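Please look through the sequence and the model below.

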Amino acid sequence: LGVSAGFAHGLAVLDSGGVVGWGCNTDLFGKKVYNQATPPPPDPRLKAVAVSAGAFHSIILYSNGTVLCWGSNDDHQCDSSQALYSRTIVAVSASIVSSLALTSTGVILSWGKGGPTSADSIPGTWSWVPDLGLEGFSSIGAAGKEFSRPLAVSISAGNMFSIAALADRTIIGWGDDSDGRSQPPLPDSLMSCKVPIEPLPAL
């Protein structure tokens, strides 16, 4: 049903709703064991619908809208309970040291390490989600506020930066722009690039 490639491990969702993993179960140097490629024992009450493999942690999204994270928690990238509360999640994405989730109401949630260019984040606690003057984002933690109008429809976490597609058919990016990952750059390398999406042809 779904696959995801991480830094050195892979994950796949089976037709049965289970998850399998393969590849590296340690850090880059083989010194710390995180078991990011070894999913926890399956819960017969839950059916996986999506997976996301990060660098040293992994995420499962279940059909009931709940999320399970495992692997490295050195930067709190697996501490999802406070970020997710009782929300229904429809998409997840794992980065190197942070995680993203998209709720059924279009709210983006983020937890883990914000990274060196996320000026409004608290390193090691919550990563920073941009307040672009648009509703639909959650900036829990440092900013302490949340917007509720559904705007986000898709999310993806990259290497120290993230992007999201919005319901108005634009794309935004935020985070580290050292390689031009999110254009154009704003002060402190925090991005709010809006890129028009070409309409898809009718099927």
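The protein chain has 203 residues, and 46% of them count as buried, where buried means under 20% relative accessible area, exposed over 50% and partly exposed in between (1.4 Å probe, protein chains only). This is a predicted model, in which local features need pLDDT of at least 70 and side-chain atom pairs count only at pLDDT 80 or more, while totals for chains, interfaces and linings use all residues. Residues are numbered from 1 along each chain as its sequence is written, and side-chain values use heavy atoms, with hydrogens and water left out.

The protein chain contains 15 strands and 1 helix; these are DSSP runs numbered from the N terminus, helices being H or I of at least four residues and strands E of at least two.

A nonpolar core is a set of buried Ala, Val, Leu, Ile, Met, Phe, Trp, Tyr and Cys residues joined through side-chain atoms within 4.5 Å. The largest one has 13 residues, and V67, L84, I89, V92, A101 and L109 have the most contacts inside it. Two or more residues come from each of β5 (57-62), β6 (67-71), β7 (89-94) and β9 (108-112). The most, 3 residues, come from β7. Another core, of 10 residues, lies apart from it and includes L100, A164, L166 and W174.

Where does S52 sit? S52 belongs to strand β4 (residues 48-53). S52 counts as buried because its relative accessibility is 7%. Leaving aside residues up to four places away in sequence, S52 touches S4, L11, H57, S58, I59, V92, S93 and A94, a contact being heavy atoms within 4.5 Å.
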